[in-house]
Amino acid sequence: MKPESPLRAPQTAAPPPDSTASNRQSRIRQQALDCVMCGICVPHCPTFGLTQNEADGPRGRISLALGLSSGQLAADATVVDHLDRCLSCLACESVCPSRVAYGSLMDHLRTALAAGDFTADMTTQRTPDTTTVDEAALPKAARRIWTALRNRVLSRRRMMGRLGSLLRILQRLGLGGALRTLGGPWGRALPRQLPKRFHPAAHRPATHKTNETGRSARRVGLFIGCTGEALNSDAVRAGIRVLQALGHIVEIPEGQACCGAMHQHGGDLATATRLRAENRQVFSDPDLTAIVVIGTACTAELQREPQAAPVVEITDYLANLPDADWPPLNPLAIRAGIHLPCSQTRVLKQPGSTERLLRRIPDLTPVPLATNDRCCGAAGMHVLMYPDQAEALRAPKLEEIERLKPDCVVSANIGCATHLAAGLGVAVRHPVELIARALA
């Protein structure tokens, strides 16, 4: 079968977030009514698999959404907890015969919950100085401590870079174990090895017009995300190196913002929409042939609306480049365990990209994990908000990796990679890092 073109047309523009409680509730009810309650999705849901509680599965959550949107149910701590533990992994959506837009439903439901649409003691339009908010009736991501963490730390690339550098110094001083122990669930989520910080300002685009095979160069914009200076910096450096070796002129706009995924799934659709618009402006150079993204979740988020150039995930982009564009790669005699993020398989629908890319490396043996059909539990901020659930979902993957004993593990999503690495005790690499090694 002929591989898809590496330059895909962006998805149709998403409608603006609903601005009133009645509009939000109407939209939620319409989407929930698409479900025929057949239950085919239930055994595929990872959170239902943990608890065997119908309210922790997609059918139960849709029933709760119907009750809330029709006024028959008020949001309280128990109801919100069942809804909030959803990972938005879309395992249910991928098997739904009625094609219920479950991911969109959950995004809008969390936005309505964050606005206080379903509780009697909260105003219809909640403002930051509201004092009557019962935070137990809010999604965790909409509570003060979590919004502060998201908006002031996790979604700020430079702040993440500084923190990454600090943690790396502490680890080199032998304090990494103490941080993991004293930090509780947050400490356990820290990787045992942190890469050196990447500074986008130090990048100077190469000006060559052809690659090592003599093919003409393409000019691409590189989106590195909030973790591009810290947790994901090795992948960024490898991505630049590989793209340049293939003759690409790589631009890294300094003003790029967070992709907005944490806001999209955390009850703040307005900010997510604004961030996408900011990135559209930053990557508006008409000479760009593509916006190449290092990270599957960021790719999926930026693809929600048309950008100035096609938005492509780097693994899929490289996997689909023709053989004529590639210089010879050196052999790597290793077995690489492949973890597939939900955003790669169910949102981008590119389950074969990582394996196809790695098969370009002579002597490398790709080993896809049998547990790739289940979410690892990272799910953006969920790994911090619900660490026990995240660790329980990760456990079968760690057991499989221990049994397979691959030479390395790769994942195209930094959240999944960090979550797995924290449990394994070794780094989990981005696929492009192995390609960079083979180019050495």
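The structure is a predicted model, and the values given here were computed from its atoms. Rolling a probe the size of a water molecule over the atoms shows where empty space is left. Counting cavities of 30 Å³ or more, the model has two of them.

**The largest cavity**

- The largest cavity holds about 120 Å³ of space, and among the 17 residues that line this cavity, the closest to its centre are C35, C41, I62, C96 and V100.
- Two helices, α3 (58–69) and α5 (91–95), each contribute at least two residues to the lining of the largest cavity, and α3 gives the largest share of that lining, with three residues.
- Sorted by class, the residues around the largest cavity comprise 13 that are nonpolar, two that are polar and two that are charged.

**The second largest cavity**

- The second largest cavity has a volume of about 90 Å³, and its lining is made up of 14 residues, of which C45, C86, C89, C92 and Y102 are the closest to its centre.
- Three elements, namely α2 (46–51), α3 and α5, each give two or more residues to the lining of the second largest cavity.
- Sorted by class, the lining of the second largest cavity consists of 10 nonpolar, two polar and two charged residues.

**Helices that line the cavities**

- The helices α3 and α5 each supply at least two residues to the lining of the largest cavity, and α3 and α5 are also among the elements that give two or more residues to the lining of the second largest cavity.

Notes: Residues numbered from 1 in each chain as written. Predicted model: local features only at pLDDT ≥ 70, side-chain atom pairs only at ≥ 80, totals over all residues. Heavy atoms only, no water. 1 Å grid on protein atoms, 1.4 Å probe; cavity = no way out; pocket = protein on both sides within 12 Å on 5 of 7 lines; lining within 4 Å. Points joined across faces, edges and corners; volume = space filled by probe spheres on them. Helix = DSSP H or I, 4+ residues; strand = E, 2+ residues; numbered from the N terminus. Nonpolar A, V, L, I, M, F, W, Y, C, P; charged D, E, K, R; others polar.
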